[in-house]
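Here are my notes on this one, as numbered points. Have the model open while you read.

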Amino acid sequence: MTSEPSAPVQAAGVVTFRSGPEVLLVHRPKYDDWSFPKGKLDRGEPAPAAALREVEEETGLRVRLGRPLKSQRYPIRGGEKLVHYWAGRVAEGASDDVAAYVPNAEIDHVVWLPAEAAAKRLTYPRDRALLREALKVRKATTPFVVLRHGESRARSTWHQDDRLRPLLVTGRRQAVTAAGILAAYDVRRVVTSTSARCVQTVTPYADDARVPLEGLDLLTEEGAEKGAVVELANALLERLPERGPTVLCTHRPVLPWVFEALGVRDPKLEKGELLVMHVRKGRIVATERHLPG
């Protein structure tokens, strides 16, 4: 009887750029190799949040994720590793200086190198291929995130105003996990339905990031009208360059109008799920989905 193959070890990392273009590399003394900052996901941690955390732990820099890149899968002792990667940049207002980095047993060198020099310095062919891919999509984009609220009390068990129907414990956990994902894209604007289940879904992030909530009745199931929702979605997209990365949280019946306005096929998000759209010059150039566990 043969045993089932074990699931791959999940990890996440970022190919981080600054002007030049220059690329951020790290050296691991244990393996004597040069690579991009990356590391294993903690239990229950979404890959974008892990990518953000690992870059900060390994380099001291706070980054913002850009477009997703191809994942890497390769053998390791006892199985396989699957590494999810993004192109990225240092977060707005954060320093890109690595001069003060203190070497340790895991990472003893952190350097910015011109792209051509970085390609020569990288140890593994798979990382050189990843750099070539990242260079093609390195230009800055602005994330626009659409979020469906988390798991909430069933309508059949709620006998008050439906707009007051709260999240379940599962939904509150989804909200905390979603906060980590939103942090990875450095969301600066939070627009939400005023219904409790939506407000509770975005509050953990808004509180952590100290970003005010913009509650709108027109995003509730009771108050939504197609024309107004379409107008709002278009306005949010138009103001992205000015207002920065934005999340919009609403309900299943309202979502198709949002996606129609954005020219995106309705992905039929699950409760608590996010669609991240990467926007450049008013055009959506990449999308990715994340479902908090």
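1. Start at Val187, which touches Val145, Leu182, Tyr205, Val211, Pro245, Thr246 and Val247, leaving out residues up to four places away in sequence. Contact here means heavy atoms within 4.5 Å. A word on the source: this is a predicted model, where local features need pLDDT of at least 70, side-chain atom pairs count only at pLDDT 80 or more, and totals for chains, interfaces and linings use all residues. Residues are numbered from 1 along each chain as its sequence is written, and side-chain values use heavy atoms, with hydrogens and water left out.

2. Val187 and Tyr185 touch the most other members of the largest nonpolar core, which has 29 residues. Such a core is a set of buried Ala, Val, Leu, Ile, Met, Phe, Trp, Tyr and Cys residues joined through side-chain atoms within 4.5 Å; buried means under 20% relative accessible area (1.4 Å probe, protein chains only). Among the elements supplying at least two residues each are strand S1 (9-18), helix H1 (47-59), helix H4 (169-184) and helix H5 (196-209). Helices (H or I, at least four residues) and strands (E, at least two) are DSSP runs, numbered from the N terminus. There is also a second, separate core of 23 residues, including Ala224, Leu255, Leu269 and Val279.

3. Thr141 sits in the loop between helix H3 (125-136) and S9. With a relative accessible area of 8%, Thr141 is buried. Beyond four places in sequence, its contacts are Arg64, Gly66, Arg67, His278, Val279, Arg280 and Val285.

4. How many aromatic pairs does the structure hold? There is one (ring centres of Phe, Tyr or Trp, the last by its six-membered ring, within 6.5 Å; planes under 30 degrees apart are stacked, over 60 edge-to-face, the rest tilted). The rings of Phe36 and Tyr85 have centres 6.3 Å apart and planes at 75°, so this pair is edge-to-face. Phe36 is in the loop between S3 and S4 and Tyr85 in strand S7 (residues 79-90), so the pair ties together parts 49 residues apart in sequence. Phe36 counts as buried at 1% relative accessibility, and Tyr85 is buried with a relative accessible area of 1%.

Methods: Buried < 20%, exposed > 50% of the residue type's maximum accessible area, 1.4 Å probe, protein only.
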